Amino acid sequence: LRNWLVALDAGTGETLWQSEERRWPTVTAAGERDVHNSADGIVCWPDNQAIPVIAGDGTVYAASGHSGDLRAIRDKDGDGVISPLEVSTFAPEKCFLNSPSLAPGMLVAAPCWGPTYVFKA
């Protein structure tokens, strides 16, 4: 499956940049086939992607409902092309249903069935 994140200029609708997450080979999301606590439910049924969150510095944090990758994306040089050096990926190998959250100096993300990950600056 293919999934893209596209940044648009709010005033013109012009594409500023786009980034494709790694392709996922199946319709079953990462972690869906693992054994889970029955109180948590049998499956998570995530969307293709959790709602991205944008930090004050322009970094976009995108959580995948396919691969379970949490990506930090920022067009640092402003050329409209996202190079591999402009993407940082954390791969807990569990799909995401919900958006990551930001607080001053902190990013928090919880994939389906946890655990919750806290990243501090």
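Q: How do the residues of the lining of the largest pocket divide into nonpolar, polar and charged?

A: They divide into ten nonpolar, three polar and two charged. Here Ala, Val, Leu, Ile, Met, Phe, Trp, Tyr, Cys and Pro count as nonpolar, Asp, Glu, Lys and Arg as charged, and the others, Gly among them, as polar. The model is predicted: local features need pLDDT of at least 70 and side-chain atom pairs count only at pLDDT 80 or more, while totals for chains, interfaces and linings use all residues. Residues are numbered from 1 along each chain as its sequence is written, and side-chain values use heavy atoms, with hydrogens and water left out.

Q: What is the volume of the largest pocket, and which residues are closest to its centre?

A: A pocket is an open set of points on a 1 Å grid over the protein atoms alone where a 1.4 Å probe fits, with protein on both sides within 12 Å along at least five of seven lines; lining residues have an atom within 4 Å of a point. Grid points are joined across faces, edges and corners, and the volume is the space filled by probe spheres set on the points. In this model the largest pocket has a volume of about 250 Å³. Its lining comprises 15 residues, of which Tyr61, Leu70, Ala72, Leu107 and Phe119 are the closest to the centre. Two or more lining residues come from each of strand 5 (70-73), strand 6 (87-90), strand 7 (101-103), strand 8 (106-109) and strand 9 (117-120). Strands are DSSP runs of E, at least two residues long, numbered from the N terminus.

Q: Which residues make up the largest nonpolar core?

A: In soluble globular proteins, nonpolar side chains tend to be buried together. A nonpolar core is a set of buried Ala, Val, Leu, Ile, Met, Phe, Trp, Tyr and Cys residues joined through side-chain atoms within 4.5 Å. Buried means under 20% relative accessible area, exposed over 50%, and partly exposed in between (1.4 Å probe, protein chains only). Here the largest core has ten residues: Ala50, Val53, Ala55, Tyr61, Ala63, Leu70, Ala72, Phe96, Leu107 and Ala109. Another core, of seven residues, lies apart from it and includes Trp17, Val60, Ile73 and Ile82.

Q: With which residues is Tyr61 in contact, leaving aside its neighbours within four places in sequence?

A: Contact means heavy atoms within 4.5 Å. By that rule, and beyond four places in sequence, Tyr61 touches Pro52, Val53, Ala55, Arg71, Ala72, Pro100, Leu102 and Leu107.

Q: Which cysteines form a disulfide?

A: A disulfide is a pair of cysteine sulfur atoms within 2.5 Å, and the count comes to one. Cys44 and Cys112 form it, with their sulfur atoms 1.9 Å apart. The torsion about their S-S bond is about -50°, so the disulfide is left-handed. It links distant parts of the chain, 68 residues apart: Cys44 is in the loop between strand 2 (15-20) and strand 3 (53-54), and Cys112 in the loop between strand 8 and strand 9. Both partners are buried: Cys44 has a relative accessible area of 16%, and Cys112 has 6%. Cys95 is in no disulfide, the nearest cysteine sulfur being that of Cys112, 3.7 Å away. Cys95 counts as buried because its relative accessibility is 0%.

Q: Which peptide bond is cis, and what is the phi of Glu93 and of Trp113?

A: Most residues other than glycine have a negative phi, and most peptide bonds are trans. The bond from Gly114 to Pro115 is cis, with omega near 5°. Pro115 lies in the loop between strand 8 and strand 9, where Trp113 is also found. Trp113 has a positive phi of about 70°. For Glu93, phi is near 65°; Glu93 belongs to the loop between strand 6 and strand 7 and is exposed, at 57% relative accessible area.

Q: Is His66 buried or exposed?

A: His66 is buried, because its relative accessible area is 6%. This residue lies in the loop between strand 4 and strand 5. Beyond four places in sequence, the contacts of His66 include Leu1, Trp24, Asn48 and Cys95.

Terms used:
Helices (H or I, at least four residues) and strands (E, at least two) are DSSP runs, numbered from the N terminus.
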